[in-house]
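Have the viewer open and a pencil ready.

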Amino acid sequence: MSFKIDRGLFKYDFIDHHAVLCVAVDADVKEIRKRYLQVARRLHPDSSFTETAAQKQLGNELLSKLVNPAYEKLVGDRTRTEYILILSQIGKRLVQESTSVTLNTDLAKQLVEAANIDHFYKTAIAKLAQTQYDSLEQALQVIAQASELNLVYLMRNAGKSSTAPPSAQPKVQSGTPQPNTPKNTPPAPAPPKEDLIVEQYVRRAQSLIDKNQFAQAKVELQEALKLEPKNSRCHSLIAMVYLRQNQLKMAKIHFDNALKLDPSDETALQWKPKIDKALGQQHSDHKVTSSPNNGDKQPDKSGSGLFGGLFGGKKK
């Protein structure tokens with residue numbers, strides 16, 4: 001049986017594993033495991049809830065094709081981190097592109113206007129989870145509802161942490177009425193100032209660097225530099241990321257930028273001379289290799305071109 005869902009995040013060719021388990025997108029491993037065990041007991045062929053042969057088969061297929069893969073993706077540290085990163089990028093992209101979305105459920109429409117986003121969102125997800133798999137025939141519709149909530153939540157959070165205007169909320173496509181805003185609803189808070197947003201990116205990047213998660217750190221710093229291209233600290237940090245990935249030329253470019261913006265940048269002052277030396281050594285080695293009269297001379301490969309293999313010559 002094919003389980004096709006074309007609403008919420010699924011509409012963007014993305015499998016919404018959080019919606020399958022009906023957990024919030026920021027749920028921790030303990031919550032995810034607890035919810036998985038609840039759903040697995042409900043869908044298992046030996047469950048008392050699946051009385052007919054058709055229900056047993058449907059429950060088993062939901063478990064094997066949707067629920068188990070969702071759990072495997074979300075319970076592993078590496079796979080969950082990568083997945084969450086993709087989720088946040090989807091929200092940012094949709095906000096930046098001012099994408100209009102189609103919302104079919106009242107809960108998702110209400111979340112668009114909700115003053116307390118986190119409280120409304122988590123309450124709504126918990127409410128859906130209570131009856132998500134009570135009717136196996138309706139399970140896909142409930143997953144779609146949860147995915148719409150996830151989509152709106154991601155877009156609203158992305159709107160708060162970007163340079164988008166305060167009104168950058170999910171736009172409901174024409175023909176889909178938006179709910180009236182209650183008279184006593186307080187105005188939405190102003191978005192954070194740009195320098196505070198950049199600082200958030202830098203903090204996240206520094207944390208990722210400390211965990212050797214360089215690819216993700218680079219994404220955070222690239223976003224920061226889009227907002228503040230003349231931030232010497234961002235240039236210095238992303239240079240360190242490129243350095244740890246053994247991309248010396250890119251590291252040199254950003255260290256150069258950091259020093260132009262702040263000649264006293266300690267990190268750039270410490271590492272740029274070493275990179276210049278390493279790049280010079282690479283150039284010298286290349287000359288030795290390519291010389292037709294080099295005799296028995298061979299370039300020294302012991303350091304993989306990175307001043308003695310400082311970081312082991314391995315990309316991460």
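The exercises below go from the nonpolar cores to aromatic rings and then to salt bridges.

This is a predicted model, in which local features need pLDDT of at least 70 and side-chain atom pairs count only at pLDDT 80 or more, while totals for chains, interfaces and linings use all residues. Residues are numbered from 1 along each chain as its sequence is written, and side-chain values use heavy atoms, without hydrogens and water.

**Exercise 1.** Find which residues have the most contacts inside the largest nonpolar core.

Solution. Start with the term: a nonpolar core is a set of buried Ala, Val, Leu, Ile, Met, Phe, Trp, Tyr and Cys residues joined through side-chain atoms within 4.5 Å. Buried means under 20% relative accessible area, exposed over 50%, and partly exposed in between (1.4 Å probe, protein chains only). The largest core has 57 residues, and Leu62, Val67 and Tyr133 have the most contacts inside it. Next, look at Tyr133: beyond its neighbours within four places in sequence, its contacts (heavy atoms within 4.5 Å) include Val20, Leu62, Val67 and Ile143. Another core, of 31 residues, lies apart from the largest one; Ala205 and Tyr242 are among its members.

**Exercise 2.** Describe how the rings of Tyr121 and Tyr153 are arranged.

Solution. Rings of Phe, Tyr and Trp (its six-membered ring) pair if their centres lie within 6.5 Å; planes under 30 degrees apart count as stacked, over 60 as edge-to-face and the rest as tilted. Here the centres are 4.0 Å apart with 10° between the planes, so the pair is stacked. Finally, check burial: Tyr121 counts as buried at 0% relative accessibility, and Tyr153 does at 5%.

**Exercise 3.** Work out which residues the salt bridges around Asp256 join into one network.

Solution. A salt bridge is a side-chain nitrogen of Lys or Arg within 4 Å of a carboxyl oxygen of Asp or Glu. First, Lys252 bridges to Asp256, with the closest N and O atoms 3.5 Å apart. Because these two are 4 residues apart in helix 11 (residues 248-261), about one helical turn separates them. Second, Lys272 meets Asp256 at 3.4 Å, N to O, linking helix 12 (residues 266-290) to helix 11. Lys272 is buried at 18%, whereas Asp256 is partly exposed at 22%.
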